[in-house]
Amino acid sequence: MTQRAYKFRFYPTEEQQQILAKTFGCVRYVYNWGLRLKTDAYYQTGKRLYYKDLSAQMTVLKRQPETVWLNEVSSVALQQALRHLDRAFINFFEGRGGYPQFHKKLGKQSVTFASSAFKWDGESITLAKMSEPLNIRWSRRFTGSPSSVTVSRDAADRYHISILVDEEIPQAPVCDSQVGIDLGLTDSVILSTGQKFGNPRYFRKDEKRLAKAQRRLAKKQKGSKNRAKARLKVARIHAKIADRRQDFLHKLSTRLINENQVIAVESLQVKNIIRNHHLAKSIADVGWGEFVRQLEYKAEWYGRTVVKIDKFYPSSKRCFDCGHIMPKMPLSVRQWTCPECGEHHDRDVNAAQNILAAGLAVLACGEAIRPARKLNSQREGKPQR
């Protein structure tokens, strides 16, 4: 059994919009209140507050005249906000994220409802404090009962619901195909078989339209209705770009998972690579990190294997046929000939082939090996480290 989330768009009524807006505001207030309380307690007394402590103090907070309006929304949603805050601090202390930030009114808003705060009758969902079920656009169905739902409103003023269910995902049929993947900018994905998938460059296509909308937004008076309309136009352009990119990456990752048993990729640190101000915009547009993330969780679902090789492995500079390593390989060199064996290489395809070979070696040896360093040491007569 695997926990799987299904995301759908829904269209709330005016009454439901008011209830959700009130819930978003209360959840945001409680999250920021808990964050301020935890931060002040640590810096002033050195004491750490946890979910149990904040939950007890929130009961007192809801009785105060200044914040009695917190009782107008589901208490389950407020408790979930404190749990999310506790999880954010755990991720911070374990190195998986930065220090939690205060939530803002503008931008994406979300609230999570546990099973006790909504009603599921097999066909529709009715949230707490609501008399009518949500008008959900069911694009696909799922089996099982939801354990929790997360309702969100993005910056483009669209409403989505994410439904978490426990279901058994059937394993994909076992196949003998193995592929290495090299990630690039000219072509987003290059396979060791020689197949290339181009880079759609969704952001670049709408960059001028986005810049024009942002210039108009900058000229609007802060707090005015015209500024709110202009901000909405900018958000919709960003949402359209992100949706098209996600659709492309999902279709490509699903195809590769269905067709291959083993997939080898580079363990890129996109956060560090994106610091290159010459390529930052292009790297962010292609979505390397999201693509690898999708490969990993889909491989876990369907019984496939995704293996990452050492990030320092010289896949582009190493000749796949003889193992010779070029001392330098600028990004402008797309085709090159090995000076030792005379084999002519496509830079990206050769890199994908080396990635596959290194990935299979990692599976066999159980470690991130560096054959390049060992090979050079043997040729030059240097002691191996």
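Visitor: Is arginine 216 buried, partly exposed or exposed?
Guide: Quick housekeeping: this is a predicted model, where local features need pLDDT of at least 70, side-chain atom pairs count only at pLDDT 80 or more, and totals for chains, interfaces and linings use all residues. Residues are numbered from 1 along each chain as its sequence is written, and side-chain values use heavy atoms, leaving out hydrogens and water. Buried means under 20% relative accessible area, exposed over 50%, partly exposed in between (1.4 Å probe, protein chains only). Arginine 216 has a relative accessible area of 47%, so the label is partly exposed.

Visitor: Which helix supplies the largest share of the positive patch?
Guide: Lys212, Arg215, Arg216, Lys219, Lys225, Lys229 and Lys233 form that patch on the surface. Patch residues have over 30% relative accessible area and no salt bridge, with like charges joined within 9 Å and nonpolar side chains within 5 Å; a salt bridge is a Lys or Arg side-chain nitrogen within 4 Å of an Asp or Glu carboxyl oxygen. Helices here are DSSP runs (H or I, at least four residues), and strands are E runs of at least two. Helix 6 (225–259) gives at least two residues, but the largest share, four residues, comes from helix 5.

Visitor: Where does tryptophan 69 lie?
Guide: Tryptophan 69 is partly exposed at 31%. With Tyr29 and Val68, Trp69 makes a nonpolar surface patch of about 250 Å². Its place is the loop between helix 2 and helix 3.

Methods
Areas by Shrake-Rupley, 256 points an atom, 1.4 Å probe, with all protein chains shown as cover. Lys, Arg positive; Asp, Glu negative; His and termini not counted. Charge placed at Lys NZ, Arg CZ, Asp CG, Glu CD.
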